[in-house]
Amino acid sequence: MSIYHILNLIFYAEILLLLLIFILIVIIHVVSPVLEKKNTKIKQRFSEIIIDYITTKKPFSKEKKFASHPEFLLQIMEDFNHRLNGENWEPLKLAIATHYLLPRARKFAKSIFWPKRNIAARCFSLAPLLEDEKQILLLVDDSKFLVRSRASVAAVQLESENGIFKSVEHMSLEYDYAYYYYSDILSQGSTKVLIFISQIPTTNENPKIHLACLSILGSKTMPFPLPFLQKDLQAKNLQIRLSALKVLLKNPQKNTSEIFLHCMNDPNEDIRSIGAMGLAQNESKDCIETLTNALKDPSWKVRLAAARSLKQMGQMDVLMQQKKENHKDAYEAAQYGMQFE
Amino acid sequence: MIDMPYLFWIDIFFLGYFLSINLIYLILLFLGSLKVYFRYKELSAEDVKIILHSNSLPEITFIVPMWNEEKNILATIHNLFNLSYRYKQVIVVNDGSSDDSLEMLKKTYELIEIPNFYKEQIPTTPIKKVYRSKLRPELIVIDKMHTGKYDSLNAGINVCENPFFICIDADTIIDNTGFEVLVRPILTNPKVIAIGASIRIKNGTTLHFNRVSSIGFPNNLISAFQELEYLRSFIMRQGWNYVGGNVVFSGAFSIFSKDPIIKIGGFSPSIAEDMEIVIRLHKVMKETKTPYETRYMPDPIAWTEGPSSMKSLGKQRTNWHLGTLESLWYHKKICFNLRYGFFGIFNYPFWTWGEAFEPVFEFLGYTLIVLSWALGIINGSFFILIILVSYGFIFLFSVVCLLIEELSFKKYTSFKTLSILIFLSFIENFGYRQFTIFWRLRGFVRFIKTFKKIQKDAEKVRKSVKTAKESIHEDSNLDRSK
């Protein structure tokens, strides 16, 4: 066979392939909008049925349509769950999930394909039941983030101590987005969940887990005392000390002002900066004087924190009194604080 | 018929060259389509709303270098502010614009001069002033002398306080939905130091409140051809994900981890600073044996303005090719060096062989075919057949890319657009392709002309690699002692 013949063959093969692809493109382009329209209609119908149940408050009876498209049902349920809570929605959610989603979730929980395990975790996070705890805990340890993160939501809602600890453990090993994602899930947990998290640092020595707990507790004001905090405020590990100070910012204790005043003499600028932020909570003469001095701190971070605190305390006159000729940095920080913070 | 036996070997060489290149492209296309498929599957499993509802996500910094961008800059900033991801900081670096861009920003966003209290971690030309917006405090504007995009990016990095930053061109618009779904994959792996995403041509798209609302088709033929090129090239880049990592991330939209960039001394004075920094990152990480990953996401996320005249397109392509040659020359040590793993054995040599030298071989190939036909070595029908087979391959390649697009992101919703794209992928071989070869050859000539300067810059880059290695070694020693 000569080169000419080979080239001829290649050319014909190319034409054939091109024709096939053209036909495929045309089919996809025609079929996909039709399919999309059909799917949208099904989803709309599902939404209507659910809205009907919510508004009429009638008890849930089996809906055959739900069983035919469980994947759409899951999406719709998740959308509703983002927007609704309360006594009308919760029982309905549980009823629908028990009938159509949880049996599927139990089937998929041990699948070797992660998209199926993802569906299982999403179903469990919608309506976690105590009887499914074992499977939820299995999914909490999944290798795929999209599975384990959703399973953690279920574990936190279930208030499973094992699940909460595992989630904190995962959080301590995660990075950036995933770290904050876990922090969000855990900090939105019930008081029981938060109390359990506050107990972890007293029993667990791992500094990463310790830091994760502090990060969760520092994200909001806790309705209970945090006895372990005193020890952490003296910790040698700088990160733990910083995180403990952040928790203290949100959860003032007995001697908070003294601790923050003490921070202002620390060689580390981050500690001094948190100290300056914390002093905003006490309008004593000592605090105002320390903050005024902090406007001349060598670190910009501290100067800005001090300016912001003074502004928060309503001490605008202190900021306005700063003159460029006396101390340029203090003047700039005061100006910056007045304009932006 | 003239008998020239050496021509047989020349033919074999060219055949071997083009077969090897096309085979690799085919493999990359296959791998790229796999990546698109997996990503598409992943997208259907994710509830993106959680990202938007979250109260404690990390802040992301956008660095926008700006030089005479009065037409685009306000729309670009508005677009960034309109992104539904809440935690962001926008740093615009005015690279000595001579038009009204800075004045427009001052007026629109009520910029107030603030003290320059940012640490200069990467040396840059002196900063004239730093501003912050009264209306949008998350907007910071740096005003500096005109030195080039690389220096502006470095100035922006010095001001950036977040672990990740996104380099974005002042004429680029980000797709909101695309960005929402990109947040998780870019921020969950500590090893990832650089991420790229698919970029498309903005010309022809309709913006509604500075968001991409409909994707039309460029009314200009030159922009339309680029649409096709972008589509092809970004699917190829998905393929590179599986074989040693990408060599280039688009300067119009790329995400970097700040620490490694500071350690390697920031962007260098190259025309293709986006390519050079990626090669340097690979080099330093491999030499210091630091575990790392670079990723290219298939999601079409940004829409950038493509040149709309032959003159500007020619200038862009010449610069791109010159930049490619410069970057490869700076790091020539990588070529066939086992120390750099697969990147050194395959990626770098392929970029030299299949990309940098491609216009030269393609030009010589055309010359040889025409010469052989003129000398009567091949007859007319054979000549036409060779041309048809090679153009048929490129056409097929483009059409497969369009098919992948149709099966995944479906950004071309109208049938008319799709038909025009298919038609253009056929006719681009007759004229447009030859022009691009000419422009890239011009880049080659410029490389030779400016070689002395390039050598000097190469020395600077080598020094920065050395400093980076020392800094990383110091850090790892410190970690060990802890």
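In the predicted model, A:Ser299 caps the N-terminal end of helix H17(A), with a side-chain oxygen 3.2 Å from the backbone nitrogen of A:Lys301. The model is a prediction in which local features need pLDDT of at least 70, side-chain atom pairs count only at pLDDT 80 or more, and totals for chains, interfaces and linings use all residues. Residues are numbered from 1 along each chain as its sequence is written, chains are lettered from A in the order in which they are written, and side-chain values use heavy atoms, with hydrogens and water left out.

H17(A) covers residues 300-312 and has 13 residues. Helices (H or I, at least four residues) and strands (E, at least two) are DSSP runs, numbered from the N terminus. The helix reaches 18 Å from its first C-alpha to its last, close to the 18 Å expected at 1.5 Å a residue. That expected span is 1.5 Å times one less than the number of residues. Just after H17(A), A:Gly314 takes a positive phi of about 80°.

Contact here means heavy atoms within 4.5 Å.

A:Asp142 lies in the loop between helix H6 (133-140) and helix H7 (145-158) of chain A. A:Asp142 is buried, with a relative accessible area of 9%. Leaving aside neighbours within four places in sequence, A:Asp142 is in contact with A:Arg117, A:Val147 and A:Arg148.

The contact between the chains takes 55 residues from chain B and 45 residues from chain A. The area buried between them is about 4500 Å², of which carbon and sulfur atoms give 71%. Buried area is the accessible area (1.4 Å probe) that two parts lose on being put together, summed over both.

One salt bridge (a side-chain nitrogen of Lys or Arg within 4 Å of a carboxyl oxygen of Asp or Glu) is found across the interface. The side chains of A:Lys144 and B:Glu42 meet in a salt bridge, 3.8 Å from N to O. On the side of chain B that touches chain A, elements giving two or more residues include helix H1 (5-44), strand S4 (127-133) and helix H13 (380-407). H13(B) gives the most, with 16 residues.

Note on methods:
Polar contact = N/O pair within 3.5 Å; in protein donor to acceptor, adjacent residues only side chain to side chain. Buried < 20%, exposed > 50% of the residue type's maximum accessible area, 1.4 Å probe, protein only.
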